[in-house]
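Q: Could you take a close look at one part of this model for me? I would like to follow a single residue first and then see what lies around it and beyond.

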Amino acid sequence: MSQIIDRRLNPKHKSAVNRQRFLKRFRRQIRKAVSDAVDGRSVTDTDSGERVTIPAKDLSEPVFQHGPGGRREIVHPGNRDFVTGDRIPRPEGGAGRGNRASNQGEGMDDFVFELSRDEFLEFFFEDLELPDLVKTRLAQEVAHQSVPAGFSKDGIPPNLHVIRSLREAHARRIALTAGKRRRLRELEAELAALKAEDAPERDIEALAQEIDLLKRRIAAVPFIDTLDLRYRNRIQIPKPTTQAVMFCLMDVSGSMDQYKKNLAKRFFLLLYLFLSRNYERTDVVFIRHHTIAKEVDEEEFFYSRETGGTVVSSALVLMRDIIRARYPTQDWNIYAAQASDGDNWPEDSGNCRRLLDEEIMPWLQYYAYVEIDNDYPLGLWQEYEKVAQRWPNFAMQAIDSPADIYPVFRELFRKKGIDR
Amino acid sequence: MSERTPLSTGSEWTFELLERYDAEIARLAAEFGLDTYPNQIEVISSEQMMDAYASCGLPVYYHHWSFGKQFLSIEKHYKRGQMGLAYELVINSNPCIAYLMEENTVTMQALVIAHACYGHNSFFKNNYLFRTFTAADAIVDYLVFAKNYITECEERYGEETVEEILDACHALMNYGVDRYRKPPPLSLREEQQRQKEREAYLQSQVNDLWRFTVPESPRRREFREERFPPEPEENLLYFIEKNAPLLEPWQREIVRIVRKIAQYLYPQRHTKVMNEGWATFWHYTLLNRLYDEGLVSDGFMLEFLETHTAVIAQPPFDHDFYNGINPYALGFAMFRDLRRICEHPSEEDRCWFPEIAGSDWLETLDFAMRNFKDESFIAQYLSPRVIRDFHLFAVLDDDQEEELEISAIHDEAGYRAIREKLAEQYNLGSLEPDIQVWSVDTRGDRSLTLRHFQHNRRPLADSAEEVLKHVHRLWGFTVRLETVGERGRVKRCYECG
């Protein structure tokens, strides 16, 4: 009488559309939440989604209902001590509602939910006002590499494997003519015997004709057939992942305020996202400097208040030393990003150029310099321009607001296309 | 006790096992006289269950952001383990569709089959509210139609435009139902016949003298003639669908769709205690009978009872988890108590329920299930025994008094009061503000006036202003909402437009 049906293979996520609609509707609030989250989040933490809180009043779906006040009578379970006529003070929080409010659909708790990682990234990129192009490239899956994988019966002419094909043809010819050759040998032996016996000419003639026919038949088997062709086969396998290290260099002189550091952070975050998608293992080295440079953890990198004068080269020297000590260039792809407001001790800028030219750029995949919010580009910028002329894998841009972060990035991605 | 040959011993289920359990439960249900639609049992995954839950348990629903919101909140609670996913979902349709979650043990599957496929199912088929208001044969088709229609509208007029209409309709969804069945339209002949009768009757009532000697003021006559609608209308969505001046035909159709779905869901809102109580009573009774027949093992029974006990738990009012009265607990207690009154009546029962004490319990329960909704069911059958078991008490909260007052408790003097007040608590008519279409200025600015008739001085919540904006969106001209006090005077007026 009952019918039992297995629906487990039916599509799930029927609510996906509704979920999208929800995200779309509250785009503004979610963007803000994501933006706040980026500030409080570590650069390397891109694997999780994000909890988003939306104020209840924004997403309430209003209906007509009773407000507090008037006269009401409610029946509750679990009485222990009350007797009829008892008078008790009103509980805190208005007209005796307490946590019962939610029962009446008036709960005012904020709405909290979890964005998936992809949703988080979508909003993150949107916050940066990236064009779709970059989003799709960032969202790409692991690259594939085509590798030889034996031979196949179909393919394109350039992949034809001549020896294999001929070997196949040879085998086929042997297979197709074996019977005939055996017969031929027999006939030839017979012929020789007949000749030896001086048999009648007529018999010899007949035998010779038969031999002739067989020979022609054997010759008629094609030397090579399309069946014989063999092609080199290639299959796509995930590209073997390698490792990358990303150096984050930041000027922490007094002029780098929290806003500038946050801009830098967004840049570093994007870079990290990019690297972690392309490399199985991505290290991050944080170097901060004023007059002296120091390797620090992320917390100190972005939030420490230590400050002083500026000697940019100190950071470059430290980076060079770390590369030499810990990141042999044959094993590591090395990226560096430097954020600064461009304010350097004048005589040091030349040092920086020399260091980059001679000791750093030859080993690097890419170096991106972002100068944040500097109205009068001076020494460092000018010296770096010279570096950029010599080294195609050196990019520099000025950044004033989150929307500016993207152009530097485009450079980075274009670069990748040429390199590989 | 008979020899135990249980249907299964492990906790894993298979389709063959489900079929065997269903067959046994169906047999017992028939012995108890349960009358059901045929069942369609669907096995689904927990994610599919979340999907289903997010759309009000309907198998097909149009897309809307608020369902996404619901999904997100269910997902959040479920993932953090704050909520066991409701393990059953059943749809009032013919055949009756019930979902089983694949993660459940065989015990849970049997429980859900008994609960949903025979408990809820028989309730849907026989309770008068469901019989009156829902067409079980047609609902799934209608939902499919609605979904396709709205998708089409979205393609043609844009998602946002459609969303705006839907938002506005959802705000009025509770005011989109007919509480009483409207009589079917009369045929032309009947109509003419009745019209003649009416004419003759009215003619006989005319007092010529009165009519010709007391002139009516022209203003008053004009007022009377213009009155529209002639009677206040409590189905706001119906009124808007039929009369909103500026709605496009497709917008009217959407209003109608929301109204129809609201009407379909309406009996459920009225019968939570009864419906859940009935289903719980039957899963309890049917599985116990299975046990008596030796068809399930002791382990099965232990697991079942643990779940059952959790379902019918009623935390007291001062408990952290207290969230009002648990409909499963109250409903189950009442049906069980009814059976007790029939089978083992006490003196008290004979006094309170003379007509059912000692009667055939199957007939009595069947009658109760068919002919009541929560409000009347409680008013009719809540016994002193259940009131005592629950330690029910009533609190009077009057904003003109300094303190709350305990107005009745579970004692001799309080039984009737508690019963009456608890019944009132399930009266949607008093739970929701009474708001009706009062008038439309047909000759003037076409403004629409709604009236809120106040009871017990209870004011509207602030959300009313937001709802009014939605009404304005649908009506297109000025909308007014007047709160009318108990003495018939307008005390407050919101306006939007």
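This is a predicted model: local features need pLDDT of at least 70, side-chain atom pairs count only at pLDDT 80 or more; totals for chains, interfaces and linings use all residues.

**A close look at B:Arg480**

A: B:Arg480 touches B:Asp445, B:Ser447, B:Leu448, B:Thr449, B:Leu450, B:Cys493, B:Tyr494 and B:Glu495, leaving aside residues up to four places away in sequence. One of these neighbours, B:Glu495, also makes a polar contact with B:Arg480, side chain to side chain, at 3.0 Å. As for its place in the fold, B:Arg480 sits in strand S8 of chain B, which covers residues 479–484. B:Arg480 counts as buried because its relative accessibility is 19%, and the cut-off for buried is under 20%.

Let's turn to some backbone features of chain B. B:Arg446 belongs to the loop between strand S6 (434–440) and strand S7 (448–453). Its phi is positive, near 60 degrees, although B:Arg446 is not a glycine. With a relative accessible area of 39%, B:Arg446 is partly exposed. B:Asn456 is another non-glycine residue with a positive phi, about 55 degrees. B:Asn456 is found in the loop between S7 and helix H22 (463–475) of chain B, and it is partly exposed at a relative accessible area of 35%. Elsewhere in chain B, the peptide bond that runs from B:Asn94 to B:Pro95 is cis, with omega near 0 degrees. B:Pro95 itself is in the loop that links strand S2 (89–91) to strand S3 (96–101).

Chain B contributes 96 residues to the contact and chain A contributes 65 residues. Between them the two chains bury about 7700 Å², with 53% of that area on carbon and sulfur atoms. There are 16 salt bridges between chain B and chain A. An example is the pair B:Glu405 and A:Arg87, whose closest N and O atoms are 3.4 Å apart. On the side of chain B that touches chain A, helix H3 (residues 65–79) supplies the largest share, 10 residues. That side of chain B divides into 45 nonpolar, 22 polar and 29 charged residues.

The two chains also meet through strands. Strand S1 of chain A (residues 3–6) pairs with strand S1 of chain B (residues 39–44) in the parallel sense, over four bridges. Within this pairing, A:Asp6 stands opposite B:Val43.

Conventions: Residues are numbered from 1 along each chain as its sequence is written. Chains are lettered from A and ligands numbered from 1 in the order in which they are written. Side-chain values use heavy atoms; hydrogens and water are left out. Buried means under 20% relative accessible area, exposed over 50%, partly exposed in between (1.4 Å probe, protein chains only). A polar contact is a pair of N or O atoms within 3.5 Å; within protein, one must be able to donate a hydrogen and the other to accept it, and residues adjacent in sequence count only if both atoms are side-chain atoms. Contact means heavy atoms within 4.5 Å. Buried area is the accessible area (1.4 Å probe) that two parts lose on being put together, summed over both. A salt bridge is a side-chain nitrogen of Lys or Arg within 4 Å of a carboxyl oxygen of Asp or Glu. Ala, Val, Leu, Ile, Met, Phe, Trp, Tyr, Cys and Pro count as nonpolar, Asp, Glu, Lys and Arg as charged, and the others, Gly among them, as polar. Two strands pair if DSSP finds at least two bridges between them.
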